[in-house]
Amino acid sequence: MAAAGRIPKPEMNQTPPGSRATPRGYRYYDLVMAAFVTVLLCANLIGAAKVAQVGGFTFGAGVLFFPISYVFGDVLTEVYGYARARKVVWAGFGALAFASFMSWATLAFPPAPDWPHQAAYETVFGGTPRIVLASLVAYFCGEFCNSYVLAKMKLATGGRLLWSRTIGSTIVGEAVDSVVFYPLAFLGAWETDLVVRVMVSNYLLKVVWEAVMTPFTYRVVNFLKRAESEDFFDRSTNFTPFSLET
């Protein structure tokens, strides 16, 4: 029995057997979704074509920004649960697919005779169908693996050691993304040794970058948990990626 004058605090996200949780609104869920999709599109459209070099190390500029989408994926799963993160991953997939189609359609229109920038547009936005397909498949597989691993690790750790699951899920998610994308996009077009070297170096850079951003992830997660009064545990979640049910 609870002590006089005190109301026992119920455990979060517990729903009686056989009933459905009452849908609730969140103050920041839509904002986090928008940030996720924005980072995803910018990393793939703005950063993908630029090859940079710092201190003798050569890398694609998008590699520095794409892992931020994994940070938002971690935040979504940690605070709102796998099912709501799954909905955001599908939103990102749709946005990438539309952006790819729009890039293709825009380039396919015949340029005006006095418009001299067609070649520049083709350089920046003219990804081959093979690379576009590889990017979409790798994104789909990597993001869902990231969210699944984080949700399962949260259950295993009882919600403790946030750093272990943000970094651990990224290690798995980015590994799946890299193993799918680089061979699918470049194997046969590049030497196998080059594909492996680029894949491994970019993968390590992404994981290190995610680890460096851990303090930022902690701040965002802690803020959202307090603001939303939510800390979701996926105890009875259906983990199929092919659903939009929340």
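Mentor: Let us begin with the names: helices, which are runs of H or I with at least four residues, and strands, which are runs of E with at least two, are taken from DSSP and numbered from the N terminus. Please also keep in mind throughout that this is a predicted model.

Trainee: How many helices and strands does the protein chain have, then?

Mentor: There are 8 helices and 2 strands in the protein chain, and, read from the N terminus on, the elements follow the order α-β-β-α-α-α-α-α-α-α. The C-alpha atoms of the chain fill a box of roughly 80 × 40 × 30 Å along the principal axes, and of its 246 residues 40% count as buried. If you take the contacts with a separation of 6 or more, residues 24 or more positions apart account for 82% of them.

Trainee: How do I describe two helices that pack together?

Mentor: Two packed helices are described by the angle between their axes and by the distance between those axes. Take helix α3, residues 82-108, and helix α5, residues 129-157, which pack at an angle of about 170° with their axes 10 Å apart. Angles over 145 degrees count as roughly antiparallel, and therefore α3 is roughly antiparallel to α5. The α3 side of this contact includes Tyr82, Trp90, Phe93 and Leu96, while the α5 side includes Val132, Phe140, Phe144 and Tyr148. Sorted by class, the residues of the contact of α3 with α5 are 15 nonpolar, 3 polar and 2 charged.

Trainee: At what angle do α1 and α2 pack?

Mentor: Helix α1, residues 29-45, packs with α2 at an angle of about 160°, and their axes are 8 Å apart, so these two helices are roughly antiparallel to each other. Their crossing is left-handed. Among the residues that meet are Val32, Phe36, Val39 and Leu40 in α1 and Phe66, Ile68, Phe72 and Leu76 in α2. This contact of α1 with α2 divides into 12 nonpolar, 3 polar and no charged residues.

Trainee: And how do α2 and α7 cross?

Mentor: The axes of α2, residues 66-80, and α7, residues 192-212, come within 9 Å and cross at roughly 50°, and α2 and α7 are therefore oblique to each other. This crossing of α2 and α7 is right-handed. On the α2 side the contact is made by Phe66, Pro67, Ile68, Tyr70, Val71 and Asp74, and on the α7 side by Lys206, Trp209 and Glu210. By class, the contact of α2 with α7 has 6 nonpolar, no polar and 3 charged residues.

Trainee: What should I look for in the cysteines?

Mentor: A disulfide is a covalent bond between the sulfur atoms of two cysteines. To find one here, we ask for a pair of cysteine sulfur atoms within 2.5 Å, and by this rule the count is 0 disulfides. Cysteine 141 is in no disulfide, since the nearest cysteine sulfur, that of cysteine 145, is 6.6 Å away.

Trainee: Is cysteine 141 buried or exposed, or in between?

Mentor: Buried means under 20% relative accessible area and exposed means over 50%, with partly exposed in between. Cysteine 141 has a relative accessible area of 26%, so it is partly exposed, and cysteine 42, at 35%, counts as partly exposed too. Glutamate 122, which has its place in helix α4, residues 118-125, is partly exposed at 42%. Glutamate 122 and tryptophan 104 are 18 residues apart in sequence, and their C-alpha atoms are 9.4 Å apart in space.

Trainee: Where does serine 229 lie?

Mentor: Serine 229 lies in the segment after α8, whose residues are 214-228, and its phi is near 50°, a positive value in a residue other than glycine. Leucine 161 counts as partly exposed because its relative accessibility is 48%, and serine 229 counts as partly exposed at 49%.

Conventions: Residues are numbered from 1 along each chain as its sequence is written. This is a predicted model: local features need pLDDT of at least 70, side-chain atom pairs count only at pLDDT 80 or more; totals for chains, interfaces and linings use all residues. Side-chain values use heavy atoms; hydrogens and water are left out. Axes are lines fitted to C-alpha atoms, for helices over the stretch in contact, and angles run from 0 to 180 degrees between N-to-C directions. Angles under 35 degrees count as roughly parallel, over 145 as roughly antiparallel, 65 to 115 as roughly perpendicular and the rest as oblique. A crossing is left-handed if the near helix is turned anticlockwise from the far one by less than a right angle, and right-handed if clockwise. Contact means heavy atoms within 4.5 Å. Ala, Val, Leu, Ile, Met, Phe, Trp, Tyr, Cys and Pro count as nonpolar, Asp, Glu, Lys and Arg as charged, and the others, Gly among them, as polar. Buried means under 20% relative accessible area, exposed over 50%, partly exposed in between (1.4 Å probe, protein chains only).
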